[in-house]
Amino acid sequence: MMEKDITRIVKKGLWVALGVPTLLLAPLPNAAAQNIEDLPIDAAPSSPKAQAPSGTVPGPAVGNATAGEMIQVPRAVWEKLLRDVEALKGKNGVVEAAPPDAGTTPPTSESEAGRSQSGKRNYLLLPDISFSAQAKGRYSSDKRDEDRRRLSLSEAELAIQSDIYPGVRAEAFIVAEPGEDVPFGLEQGFIDFLGVRKGVNIRVGRDFTPFGRTGRQHTHSWLYTRQLLPIKNIVAEEELGGDGVLFSYLLPTKGKLFANAQFGIYNGLSGGEISSNPFGDEVPVGTGAGFNDRFYLGKLQLAHPIGRNGELELGTSYARGRSTLDDDQGTNLGTGRVNLLGLDASYRRFYGGEKRLLLRSEYFRNKPSGDLPTSTASGYYGLANYRMSRFKDVGLLYENSGFPQAPGARESALSLIYTKQFSEQFYVRLQGTRGRRPGQGSYNEATVQFTWGMGPHTHNLE
């Protein structure tokens with residue numbers, strides 16, 4: 001008899017012990033085929049059973065009991081459970097730790113605060129860390145190209161990204177160019193303030209400016225193996241960057257029109273350079289903008305659907321600031337102002353499956369003033385890219401560019417591009433080029449590019 005009483009007491013103890021903690025874990029009726037986290041709050045299925053009276057809570061089956069039966073729970077236990085649930089919800093949907101019970105000792109260090117009661121690390125506190133790298137090999141008939149018979153690791157990038165506060169996100173990109181013996185350095189580091197006002201975002205820090213349609217794209221996101229000639233010669237050798245602040249405003253348009261306006265104030269990172277023998281022993285490179293002091297940037301981007309499967313984008317960019325040009329020995333050649341103008345147009349059409357056609361063209365103009373030893377130069381390109389499937393695409397690219405330091409000199413190139421995407425983390429690209437450049441005339445060039453990445457891919461290979 002005593003043994004049966006003990007068994008009955010143990011069962012009741014298990015009922016109370018298991019019923020309360022598993023309230024939030026018990027599956028809801030009629031939701032066996034759906035994850036409750038995937039349903040809207042107002043669409044979450046509710047139990048057809050009558051709600052439990054005050055002071056009771058449904059529990060799981062224990063012994064001969066069924067899941068639909070009600071059990072009695074002390075009011076103090078029920079109220080504590082409600083307090084714990086509200087503490088987990090936190091304010092504004094932010095998950096917070098439940099307040100410690102009386103008699104418990106709060107964590108005494110950050111390492112203890114980042115661990116759960118079971119001693120496991122809270123991985124939600126860790127940032128997203130990704131790594132990407134590129135290796136390139138090139139053959140060129142232009143003997144001035146020092147890399148024309150070399151396969152090397154051209155770039156390695158470490159991306160660190162994290163949400164640091166509701167509506168605030170921090171990102172840093174540490175980049176090296178091993179092929180050119182350039183060590184790791186902070187290429188970008190900024191904070192985004194999202195939704196400061198309706199449609200308004202603010203970015204503060206070091207960043208690539210949004211000048212042009214592809215101004216913010218990293219090299220592994222390009223649809224080609226090198227920077228485009230008109231951008232390289234007229235705007236910047238890789239990207240137009242600086243330290244500053246950028247304001248973005250999503251304009252309140254009607255219908256299906258997308259309109260975004262941006263305005264930025266930056267400090268340029270370095271001036272431009274003019275080679276002492278630009279068309280002799282080296283492959284010619286334009287001076288770019290050469291912003292080394294404060295410059296201002298404005299951009300307007302518009303987009304509108306065309307039919308059911310098409311989209312047209314139009315954009316204009318303008319930048320103005322102080323510029324300094326030096327020769328390759330570091331001697332100053334002049335200081336003045338440069339006005340940059342960019343116009344772009346893109347059309348995308350999506351077909352069945354993964355097929356997509358992209359047509360894009362951009363025009364750039366560099367107009368100097370003051371004591372700069374340069375003159376107005378312009379350039380443009382046209383790109384057609386067809387994605388046959390999610391793993392393959394082909395492209396045709398034509399480029400034409402002038403040089404600010406050499407009035408009348410121009411460079412042109414026609415390229416055929418093929419990309420094989422093995423996965424989201426790895427692709428191989430081939431580019432063959434036939435072109436003309438000052439000091440060489442016609443030349444042929446073939447480039448192979450290997451690009452791979454790893455990590456959570458918040459900074460994706462596009």
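**A loop residue and its surroundings**

Author: Histidine 218 is found in the loop between strand 7 and helix 4. Helices (H or I, at least four residues) and strands (E, at least two) are DSSP runs, numbered from the N terminus. Residues are numbered from 1 along each chain as its sequence is written, and the model is a predicted one, where local features need pLDDT of at least 70, side-chain atom pairs count only at pLDDT 80 or more, and totals for chains, interfaces and linings use all residues. Side-chain values use heavy atoms, with hydrogens and water left out.

Is histidine 218 buried or exposed? Histidine 218 is buried, at a relative accessible area of 5%. Buried means under 20% relative accessible area, exposed means over 50%, and partly exposed lies in between (1.4 Å probe, protein chains only). Along the chain, histidine 218 and glutamate 157 are 61 residues apart. Their C-alpha atoms are separated by 9.8 Å.

Now take strand 7, on one side of that loop. Strand 7 (residues 200-208) pairs with strand 6 (residues 182-197) in the antiparallel sense, over six bridges. Two strands pair if DSSP finds at least two bridges between them. Arginine 197 has valine 200 of strand 7 as its bridge partner. The hairpin of strand 6 and strand 7 has two residues between the strands. There, glycine 199 takes a positive phi near 80°.

Strand 7 also joins strand 8 (residues 241-250), through nine bridges. These two strands run antiparallel. Valine 204 has valine 245 of strand 8 as its bridge partner.

In soluble globular proteins, nonpolar side chains tend to be buried together.

What does tyrosine 224 touch, leaving aside residues up to four places away in sequence? Tyrosine 224 touches Thr214, Leu383, Ile417, Arg429, Gln431 and Gln449. Contact means heavy atoms within 4.5 Å.

Ring pairs link Phe291 with Tyr266 and Phe295. Rings of Phe, Tyr and Trp (its six-membered ring) pair if their centres lie within 6.5 Å; planes under 30 degrees apart count as stacked, over 60 as edge-to-face and the rest as tilted. The whole structure has seven aromatic pairs. One of them is tyrosine 380 with tyrosine 398, a tilted pair at 6.4 Å centre to centre and 45° between the planes. Tyrosine 380 lies in strand 15 (residues 377-389) and tyrosine 398 in strand 16 (residues 392-403), so the pair ties together parts 18 residues apart in sequence. Tyrosine 380 is partly exposed at 36%, and tyrosine 398 is partly exposed at 34%.

Phenylalanine 422 and phenylalanine 426 form a stacked pair, at 5.0 Å centre to centre and 20° between the planes. Phenylalanine 422 is partly exposed at 45%. Phenylalanine 426 is partly exposed at 29%. The charged end of lysine 420 sits over the ring of phenylalanine 422, 5.6 Å from its centre. A charge sits over a ring if NZ of Lys or CZ of Arg is within 6 Å of the ring centre and within 35 degrees of the ring normal.

Finally, the whole chain. The protein chain has four helices and 19 strands. Buried residues make up 36% of its 462 residues. The chain averages a pLDDT of 80, and 75% of the residues score at least 70. Over residues 100-119 the pLDDT is below 50.

Methods. pLDDT = per-residue confidence, 0-100.
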